[in-house]
Amino acid sequence: MDQIQHKYLDIRGLKLHVAEIGKGPLVVVFLHGFPEIWYSWRYQMMAVANAGFRAIAPDFRGYGLSQTPPEPENASFIDLVHDLLAILDSFAITKVFLIGKDFGARPAYQFALLHPERVLGVITLGVPFMVSGPHAFPRNLLPEGFYMLRWQEPGRAEADFGRFNIKTVVRNIYILFSGSELPVAGKDEEIMDLVDPSTPLPSWFTDEDLTAYATLYEKSGFRLPLQVPYRSWLEELGITDPKAQVPALLVMGGKDYVLNFPGMEDYLKSGKVKDYVPDLEIIFLPEGTHFVQEQFPDQVNQLIIAFLNKHG
């Protein structure tokens with residue numbers, strides 16, 4: 001961890017934080033999810049650097065140590081794609097592997113669709129390629145208290161989270177997202193109410209880890225994270241026939257709650273996802289949760305390095 005270097009880049013009018021390690025000619029860029037941050041890639045960054053690659057993990061705009069734009073409510077997924085392009089250009093990097101976790105899968109694939117000549121391959125954890133736009137979001141199939149629907153309501157998550165300190169909010173979300181059931185609140189409760197205060201952290205997530213996350217979110221708050229991904233989830237990319245023509249790998253935990261999204265398991269196991277990502281390999285880690293890269297770092301690192309070596 002101490003070998004990981006930190007720097008700030010002037011990217012599209014904002015100072016964005018980037019963590020970096022490794023000197024190899026091939027570059028791997030890690031894109032975090034929520035409630036994650038560059039730190040969620042700590043095991044993978046060390047592993048790929050030791051395997052001879054250069055690892056770069058930015059905090060998205062408005063996350064952690066990266067600057068928040070003046071109007072975070074106007075931020076969108078395409079901002080993350082444009083930021084990524086500018087980061088690569090600032091380093092004079094022409095081609096990369098992209099690894100996205102959770103909602104980080106979307107900008108990874110959007111970048112591959114818009115800039116295929118810059119991408120050697122895409123790995124995603126916990127979330128596959130998904131078509132974007134209102135027509136692709138199964139709102140009518142989701143329970144009314146589903147967490148994404150709740151957090152899409154302006155002001156609702158702010159009021160819910162505001163009852164607790166930031167460390168407790170991050171703790172509760174980590175516990176919720178480590179389960180195998182979709183987080184759904186009842187009519188008279190909020191998402192934070194779903195976690196009993198006595199529930200322990202997952203065994204693979206230490207108090208030190210929680211403190212590291214909380215410290216970073218205390219810096220940024222949740223204004224932009226609620227906008228991207230949740231309140232911008234329905235935005236269109238504007239590509240009529242999205243097909244990512246790059247080598248790809250999806251690693252899913254067998255106990256990941258995302259598998260209980262309506263239609264998700266069939267989408268993966270029927271091969272429908274390959275209509276959009278033809279060169280996709282899918283690997284399930286049977287005991288894995290949504291945080292496979294932290295829960296089973298050695299297994300995930302082996303899968304990542306094998307993919308990089310095969311397609312580098």
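Here is a chat about salt bridges, cavities and one serine in a predicted model.

Q: Hi! Before we start, what kind of model is this?
A: Hello! This is a predicted model.

Q: Okay, how many salt bridges are there?
A: The count comes to 20 salt bridges.

Q: Let's take Glu36. Which side chain does Glu36 meet in a salt bridge?
A: That would be Lys101, with an N to O distance of 2.9 Å.

Q: Is Glu36 buried or exposed?
A: Glu36 counts as buried, because its relative accessibility is 0%. Lys101 is buried too, with a relative accessible area of 0%.

Q: Moving on to Arg156. What does Glu190 do with Arg156?
A: Their side chains form a salt bridge, at 3.0 Å from N to O. Glu190 lies in the loop between α6 (166-177) and α7 (207-220) and Arg156 in helix α5 (residues 156-161), so this pair ties together parts that are 34 residues apart in sequence.

Q: Which residue forms a salt bridge with Arg156 at 3.4 Å?
A: Glu153 does, and 3.4 Å is the distance between the closest N and O atoms.

Q: Which residues are linked in a network of salt bridges?
A: Arg12, Arg61, Asp79 and Asp83 are joined that way.

Q: Changing topic: how many cavities of 30 Å³ or more are there?
A: A search of the whole structure turns up 2 cavities of that kind. The largest cavity holds about 150 Å³ of space.

Q: Which residues are closest to the centre of the largest cavity?
A: Asp102, Val127, Tyr147, Met148 and Trp233 are, out of 14 residues lining that cavity.

Q: How do the residues of that lining divide?
A: For the largest cavity, 12 are nonpolar, 1 is polar and 1 is charged.

Q: How much space lies in the second largest cavity?
A: About 70 Å³.

Q: And what lines the second largest cavity?
A: Its lining includes Leu16, Leu31, Pro58, Phe60 and Ile87. Helix α2 (residues 77-90) gives the most to the lining, with 4 residues. By type, the lining has 7 nonpolar, no polar and 3 charged residues.

Q: One more thing. Where does Ser178 lie?
A: Ser178 is in the loop between α6 and α7.

Q: Is Ser178 buried or exposed?
A: Buried, because its relative accessible area is 15% and buried means under 20%.

Q: What does the side chain of Ser178 reach?
A: The side chain of Ser178 reaches the backbone oxygen of Tyr174, at 2.6 Å.

Q: And leaving aside neighbours within four places in sequence, which residues is Ser178 in contact with?
A: Those contacts are Pro202, Trp204, Thr289 and Phe291.

Methods
Residues numbered from 1 in each chain as written. Predicted model: local features only at pLDDT ≥ 70, side-chain atom pairs only at ≥ 80, totals over all residues. Heavy atoms only, no water. Salt bridge = Lys/Arg side-chain N within 4 Å of Asp/Glu carboxyl O. Buried < 20%, exposed > 50% of the residue type's maximum accessible area, 1.4 Å probe, protein only. Helix = DSSP H or I, 4+ residues; strand = E, 2+ residues; numbered from the N terminus. 1 Å grid on protein atoms, 1.4 Å probe; cavity = no way out; pocket = protein on both sides within 12 Å on 5 of 7 lines; lining within 4 Å. Points joined across faces, edges and corners; volume = space filled by probe spheres on them. Nonpolar A, V, L, I, M, F, W, Y, C, P; charged D, E, K, R; others polar. Polar contact = N/O pair within 3.5 Å; in protein donor to acceptor, adjacent residues only side chain to side chain. Contact = heavy atoms within 4.5 Å.
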